Amino acid sequence: MASLSSSPLSPYYHLLFTALAFLISFLIFVFSRKSGSKKLNLPPGPPGYPVVGNLFQVARSGKPFFQYVRELIPKYGPIMTLKMGTRTMIIISGADLAKEALIEKGQVFASRPRENPTRTIFSCNKFTVNAALYGPVWRSLRRNMVQNALSAARLREFRHVRDSAMDKLVDRLKSEAAANDGVVWVLRNASYVFWFGNGWELIEKVDQMMKTVLMVLDPRLDDYLPILSPLFSKQWKRVQEVRNQQIETLVPLIEKRRNAVQNPGSDKTAASFSYLDTLFDLKIEGRKSSPSNPEIVTLCSEFLNGGTDTTATAVEWAVARMIENPEIQTRLYDEIRTTVGGKKVDEKDVEKMPYLNAVVKELLRKHPPTYFSLTHAVTEPAKLGGYDIPTDTNVEFFLPGISEDPNIWSDPEKFDPDRFFAGREEADMTGVTGVKMIPFGIGRRICPGLSMATVHVNLMLARMVQEFEWSGHPDSGKVDLSEKLEFTVVMKNSLRAKITPRA
Ligand code: HEM
């Protein structure tokens, strides 16, 4: 996903700019007071400095942003304000408030905020499902993605593709295991499943490029204090270079596909359908032209990024939890054996495995791959929990605040799939019958990949347990469950597992 605003600011920036920023703050403060605006009743939050607000407190804390927020919740409650330079962030961490915003007032809270200049370049001026303002462009793009790539019918149609991708995953695990003393970097392997088709070398090149893009998208100080942007001209140049590189890498692939679609039968290796095909002549409400090549690059990247790291992160945590608690793995393996005997697990079987489903649900509760949903914005001034929510504020949802709330969960700290398996607790992830955990968001902007992602995680986990026994790497000691923020919240020390093929 492209616009998570949850990355920590690199702490080294702040010392350099503090003095300068204070001076500028003071001047802007003096001027802005003169213009005098109506007093808003914003949610509470830690006191900050004029103009820079809490920006340097966050940077100076040296903590990942999600940790900083987590520690503020007991003091300020389930809705709070952080002023990050020129951006006001309102952070919601309570189930009732999330329901009020995303369900009851869903239409008003369904937009996205203004982008920083880097994101404007990579999103082609908000021309993606995830970044588009709530309106006709978003509707056209989302409808196309859902109907053509993620609908139940498409999911069924692509079953065989997923099956062969799973075989590839198993093969890769086997060969890496042989070459590498049974040690695998789980996250890396899991990522490859999503790049269906042949040509792994090319895929690695694209994968590398995507990572570079995510790196330049990391928030910078001048995103919050645009007045400092002249000091970041080197980084800005780099942003443009990376965007050009992204276009140069992907446009030839796009053109190759366009050619195959226009000349059926000319490329024998071409798959019968790809998401790309739906973009060439896509009609966008309110626009005459179909997407340009740079826009297609952006839309494809969104599709690839949206599902890859999120799903791979869930699988990495799954393996960590199985190694930490081998009973989970034994019970999963027993369930697989009882359900399919010696046959290879497929997607249909997965639906008949309640323990597996419970493990995956508990994973998404305890380790939602993104701790914040994508940033929302209101379409008009609104109220939430009695507070004012002005337009042009970043409305953030802190997901663990909900899925680990002791008022709605028993023993929320504990990783316990039995809470779902034994039916002690239930949760509807779509938010339709209640809000207790929202790893995919809820309401109008709910993740359109929800069904595909849950199928992937269930199936990958089932195949990985069916084929191999997973244990901790001998050098790694006890599994370290510390977290760190990359694009998703991954394991701080990347998991190293030892795998033994089952007899
Ligand atoms: C375990 C895997 C996944 C998780 C945890 C996840 C989570 C999320 C979350 C939290 C949001 C933000 C919802 C909001 O704005 O309130 C989101 C949006 C989105 N996700 Fe996912 N996602 C996953 C997989 C996927 C997959 C497989 C795809 C598609 C290939 C995908 C595509 C998107 C898109 C396009 C949006 C933007 C929707 C919009 O703004 O209308 N995601 N996802």
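Predicted model: local features only at pLDDT ≥ 70, side-chain atom pairs only at ≥ 80, totals over all residues.
**View A. The side chains of D480 and S482 make a polar contact at 2.5 Å.** Polar contact here stands for a pair of N or O atoms within 3.5 Å; within protein, one atom has to be able to donate a hydrogen and the other to accept it, and residues adjacent in sequence count only if both atoms are side-chain atoms. Residues are numbered from 1 along each chain as its sequence is written, and side-chain values use heavy atoms, with hydrogens and water left out. D480 sits in the loop between β7 (468-472) and β8 (483-485); helices (H or I, at least four residues) and strands (E, at least two) are DSSP runs, numbered from the N terminus. Skip the residues up to four places away in sequence, and D480 touches M491 and N493, where contact means heavy atoms within 4.5 Å. The C-alpha atoms of D480 and M491 are 7.8 Å apart, with the two residues eleven apart along the chain. Is D480 buried or partly exposed? It counts as partly exposed, because its relative accessibility is 30% (buried is under 20% relative accessible area, exposed is over 50%, and partly exposed is in between, with a 1.4 Å probe and protein chains only).

**View B. C447 is the single protein donor to the iron atom of the ligand.** The SG atom of C447 is 2.2 Å from the iron. Donors are N, O and S atoms within 2.8 Å of the metal (3.2 Å for Na, K and Ca), and water is not among the atoms, so the site may look incomplete. C447 itself belongs to the loop between α19 (418-421) and α20 (450-467).

**View C. A shell of 26 residues surrounds the ligand.** The closest are R112, W138, R142, H376 and C447; to be near the ligand, a residue needs one of its heavy atoms within 4 Å of it. Sorted by class, the shell has twelve nonpolar, ten polar and four charged residues. For that sorting, Ala, Val, Leu, Ile, Met, Phe, Trp, Tyr, Cys and Pro are nonpolar, Asp, Glu, Lys and Arg are charged, and the others, Gly among them, are polar. Oxygen atoms of the ligand have polar side-chain atoms around them: H376 brings one to 2.7 Å, R142 to 2.8 Å, and an N or O atom in the side chain of R445 is 2.9 Å from a ligand oxygen. As for secondary structure, the elements that give two or more residues to the shell are α6 (136-150) and α14 (293-324). The largest share, six residues, comes from α14.

**View D. Strand β2 (residues 87-92) has six of its six residues buried.** R87, M89 and I91 point one way, T88, I90 and I92 the other, and all are buried. On one pairing, β2 runs antiparallel to β1 (residues 79-84) over six bridges; two strands pair if DSSP finds at least two bridges between them. T88 of β2 is the bridge partner of K83. The two strands make a hairpin with two residues between them, and G85 in the turn has a positive phi of about 60 degrees. On another pairing, β2 and β6 (residues 394-397) are parallel over four bridges, with I91 partnered by E396 in β6.

**View E. V51 and C124 are two non-glycine residues with positive phi.** For V51, phi is about 65 degrees; this residue is in the loop between α1 (12-35) and α2 (55-61). Its relative accessible area is 22%, so V51 is partly exposed. C124 has a phi near 50 degrees and is found in the loop between α5 (117-122) and α6.

**View F. E347 is buried in the model.** E347 lies in helix α16 (residues 347-350), and its relative accessible area is 7%, so it counts as buried. Which residues is E347 in contact with, leaving aside its neighbours within four places in sequence? They are R159, R162, V455 and L459.
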